Amino acid sequence: MNHREIIGLWPSARELASDLGKNYETVRKWRFRNNIPADYWMPIIDAGKKRRIRVTLESYAARCAA
């Protein structure tokens, strides 16, 4: 799973941004670059749990190993 796919698990990038307390442009840039900074991995995992979206550290590890 790549970072665009992780962002795509949310109904929209705008909703992910809201869940993280970030502005939409930040998440849009992550999607464009296909790169979510490591500082946001755990907050995204936690936000996913609240929405019952399964995102794990393994998702990120697989991306980094690719």
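Me: With which residue does Arg51 form a salt bridge whose closest N and O atoms are 2.9 Å apart?
Reply: This is a predicted model, in which local features need pLDDT of at least 70 and side-chain atom pairs count only at pLDDT 80 or more, while totals for chains, interfaces and linings use all residues. Residues are numbered from 1 along each chain as its sequence is written, and side-chain values use heavy atoms, with hydrogens and water left out. A salt bridge here is a side-chain nitrogen of Lys or Arg within 4 Å of a carboxyl oxygen of Asp or Glu, and for Arg51 such a partner, at 2.9 Å, is Glu15.

Me: How many residues apart are Arg51 and Glu15?
Reply: Helices are DSSP runs of H or I with at least four residues, numbered from the N terminus. Arg51 lies in helix α4 and Glu15 in helix α2 (residues 13-20), so that the pair links distant parts of the chain, and their separation is 36 residues.

Me: Which residues are linked with Arg51 in a network of salt bridges?
Reply: The side chains of Asp19 and Arg51 also meet in a salt bridge, at 2.5 Å from N to O. Asp19 lies in helix α2 and Arg51 in helix α4, so this pair ties together parts that are 32 residues apart in sequence. The residues networked with Arg51 are Glu15 and Asp19.

Me: Is Asn34 buried or exposed?
Reply: Asn34 sits in the loop between α3 (24-33) and α4 (41-51). Buried means under 20% relative accessible area, exposed over 50%, and partly exposed in between (1.4 Å probe, protein chains only). Because its relative accessible area is 12%, Asn34 is buried.

How values were computed
Helices (H or I, at least four residues) and strands (E, at least two) are DSSP runs, numbered from the N terminus.
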